[in-house]
Amino acid sequence: MKKVLGILGGMGPLASAEFLKTIYEFNLADREQEMPACFLYSDPTIPDRTEAIANGLDDLLLNDLITVLETLYLLGVDKIVIPCITIHYFLPKVPSILREKIVSLVDLILEEVLNRQEHQLLLCTQGTLNTCIFQQHRLWKWAEPYIIVPQAEHKQIHNLIYQIKKEGIQKSALVFLNTLLNKYEVNSFIAGCTEFHLLAKYLIQHNARYYRVVDPLLIIATNLRRFIDLQPHDADFTTIDSRRRSPIYSFNER
């Protein structure tokens with residue numbers, strides 16, 4: 001039977017919709033019947049993750065999250081991708097029968113950082129920063145030397161994420177990214193919020209060649225069949241096929 005990918009979207013809606021599009025862009029076939037089967041469940045009513053963390057509303061969010069995960073489970077999906085990094089804070093509290101189907105975006109990011117071994121600027125939400133989602137990961141002690149967290153600009157980064165949720169990619173986002181990377185003297189950034197998948201796609205479409213990006217959604221899209229076939233005990237993703245690593249994109253508007 002054909003394997004099916006479940007996508008729990010809506011956090012935000014543009015990012016998850018773009019991720020589904022990316023999957024098909026990177027997995028075209030001679031016959032459409034040979035292309036991947038996916039269920040996208042986009043539910044923007046799931047509470048804001050950063051606000052839930054700040055206001056102690058974990059149980060409310062978890063209830064909604066588990067309900068949607070159960071729906072995807074009953075649809076028979078083989079793996080589930082949740083295009084949201086901050087939601088990973090809540091995943092340890094999800095029942096194991098559901099959790100074992102989820103592909104960890106944090107795993108993928110830190111694995112790719114270790115693969116590349118070059119300095120990266122981490123762009124993420126305030127919720128991700130406050131809960132130390134990356135810092136508490138088992139790979140952090142090895143990845144930390146390569147990761148720069150721009151503390152001084154973090155409020156601006158958080159605001160930019162919410163701007164992208166509402167407006168998509170605007171020129172102001174590109175100017176801010178360019179300024180930030182120049183300040184920290186790096187040419188690569190981590191899409192530590194999945195809204196930056198939209199930015200990564202912008203770089204692809206404009207054939208940019210200067211800055212690089214670690215985007216977990218691109219990693220999945222370009223290695224899709226491997227991720228769908230993963231067994232629960234394979235969840236550390238330490239053996240991603242190096243021949244199908246995510247493309248490298250850059251931004252050369254200065």
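Reply: What follows starts with confidence, then takes the pocket, the cavity and some backbone details in turn.

This is a predicted model. Its chain has a mean pLDDT of 88. Of its residues, 89% reach 70 or more. One stretch needs care. Over residues 233-254, pLDDT stays under 50. The model has 70 contacts for that stretch beyond four places in sequence. Where pLDDT is low, the predicted coordinates should not be read in detail.

Now to the spaces. Rolling a probe the size of a water molecule over the atoms shows where empty space is left.

Take the open space, the largest pocket. It holds about 460 Å³. Its lining is made of 17 residues. Nearest the centre of the pocket lie His88, Leu91, Pro92, Ser104 and Asp107. By class, the pocket lining has eight nonpolar, five polar and four charged residues. Where does the largest pocket lie? Residues for its lining come from both domain 1 (4-104 + 217-229) and domain 2 (107-215), so the pocket lies between the two.

Searching the whole structure gives two cavities of 30 Å³ or more. The largest cavity has about 80 Å³ of space. Which residues line the largest cavity? They are Met11, Asp48, Arg49, Thr50, Cys84, Ile85, Thr86, Thr125, Tyr162, Lys165, Cys193 and Thr194. Five of these lining residues are nonpolar, four are polar and three are charged. Two helices contribute here: helix 2 (49-54) and helix 8 (154-167) each supply at least two lining residues. Domain 1 (4-104 + 217-229) and domain 2 (107-215) both give residues to this lining, so the largest cavity lies between them.

Gly12 sits in the loop between strand 1 (4-9) and helix 1 (13-25). Gln117 is another backbone point to check. It is not a glycine, yet its phi is positive, at about 50°. The loop that holds Gln117 runs between helix 5 (105-116) and strand 4 (120-123). For background, most residues other than glycine have a negative phi, and most peptide bonds are trans.

Strand 6 (residues 188-191) runs parallel to strand 7 and is joined to it by three bridges. Within that pair, Ile190 has Val214 of strand 7 as its bridge partner.

To recap, the largest pocket and the largest cavity each lie between domain 1 and domain 2.

Notes
Residues numbered from 1 in each chain as written. Predicted model: local features only at pLDDT ≥ 70, side-chain atom pairs only at ≥ 80, totals over all residues. Heavy atoms only, no water. pLDDT = per-residue confidence, 0-100. Contact = heavy atoms within 4.5 Å. 1 Å grid on protein atoms, 1.4 Å probe; cavity = no way out; pocket = protein on both sides within 12 Å on 5 of 7 lines; lining within 4 Å. Points joined across faces, edges and corners; volume = space filled by probe spheres on them. Nonpolar A, V, L, I, M, F, W, Y, C, P; charged D, E, K, R; others polar. Domains from an automatic or database assignment. Helix = DSSP H or I, 4+ residues; strand = E, 2+ residues; numbered from the N terminus. Pairing = 2+ DSSP bridges.
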